[in-house]
Amino acid sequence: MEARHETVIDVSSPRELSEARLHARSMCELLGIRGYPAQRVVTTVSELARNMIRYVGEGTMRLGLDLDTKRLTIVAEDRGPGIAELESILAGEYQSRTGLGRGLIGVRNLADEFDVQTGPSGTTVTAAFRL
Ligand SMILES: Nc1ncnc2c1ncn2[C@@H]1O[C@H](COP(=O)(O)OP(=O)(O)OP(=O)(O)O)[C@@H](O)[C@H]1O
Ligand SMILES: [Mg+2]
């Protein structure tokens, strides 16, 4: 296997969301990751893809593996309007009108590393898991 590998999946429908989930699951299986550690990765893909579909309509999911840094990385990138309320969302103070408002906080808690870059031309959420 190459030291670095990345799979790019465009998501704009529930079908592509489940494709991305399946891909994340098989990536984990190949790495011998199962049970809760695998669930952390799959749930992250799910939540971020669901947000892109619901709030933007489409986006790109990058499922990466870097054997040098021993990281599995999930990057969700879209060209939507951005997340204006990010601070209050991550502080747990946000009242969502469309869901529980726990998706991003959940991902932050699941991942070993978590980062959000957001602005009027889009949002990039990065979640990394140590192998
Ligand atoms: N990619 C995105 N682009 C624009 N706004 C977003 C994006 N992702 C999330 N948001 C905004 O941030 C809010 C919080 O997202 P989060 O996923 O934490 O909770 P939620 O989607 O409201 O509920 P759920 O718990 O079902 O995920 C959303 O309500 C939405 O307004
Ligand atoms: Mg959500």
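Buried means a relative accessible area under 20%, exposed means over 50%, and partly exposed lies in between (1.4 Å probe, protein chains only). This is a predicted model, in which local features need pLDDT of at least 70, side-chain atom pairs count only at pLDDT 80 or more, and totals for chains, interfaces and linings use all residues. Residues are numbered from 1 along each chain as its sequence is written, and side-chain values use heavy atoms, with hydrogens and water left out.

Q: Why is Glu47 called buried?
A: The relative accessible area of Glu47 is 18%, and the cut-off for buried is under 20%. Glu47 is therefore classed as buried.

Q: What places Glu47 in a helix?
A: Helices are DSSP runs of H or I with at least four residues, strands are runs of E with at least two, and both are numbered from the N terminus. Glu47 belongs to helix 2, which covers residues 35-55.

Q: Which residues is Glu47 in contact with, leaving aside its neighbours within four places in sequence?
A: Contact means heavy atoms within 4.5 Å. With those neighbours left aside, Gly103 and Val107 are in contact with Glu47.

Q: Why does Asp68 count as exposed?
A: Asp68 has a relative accessibility of 53%, and exposed requires over 50%. Asp68 therefore counts as exposed. Its place is the loop between strand 2 (59-66) and strand 3 (71-78). Beyond neighbours within four places in sequence, Asp68 is in contact with Ala3 and Arg4.

Q: How do you know that the radius of gyration agrees with a compact globule?
A: The radius is taken over C-alpha atoms, and the globule rule is 2.2 Å times the number of residues to the power 0.38. For 131 residues a compact globule would have a radius near 14 Å, and the protein has 14 Å, so the two agree.

Q: What is the secondary structure of the protein?
A: The protein has four helices and five strands, in the order β-α-α-β-β-α-α-β-β along the sequence.

Note on methods. Chains are lettered from A and ligands numbered from 1 in the order in which they are written.
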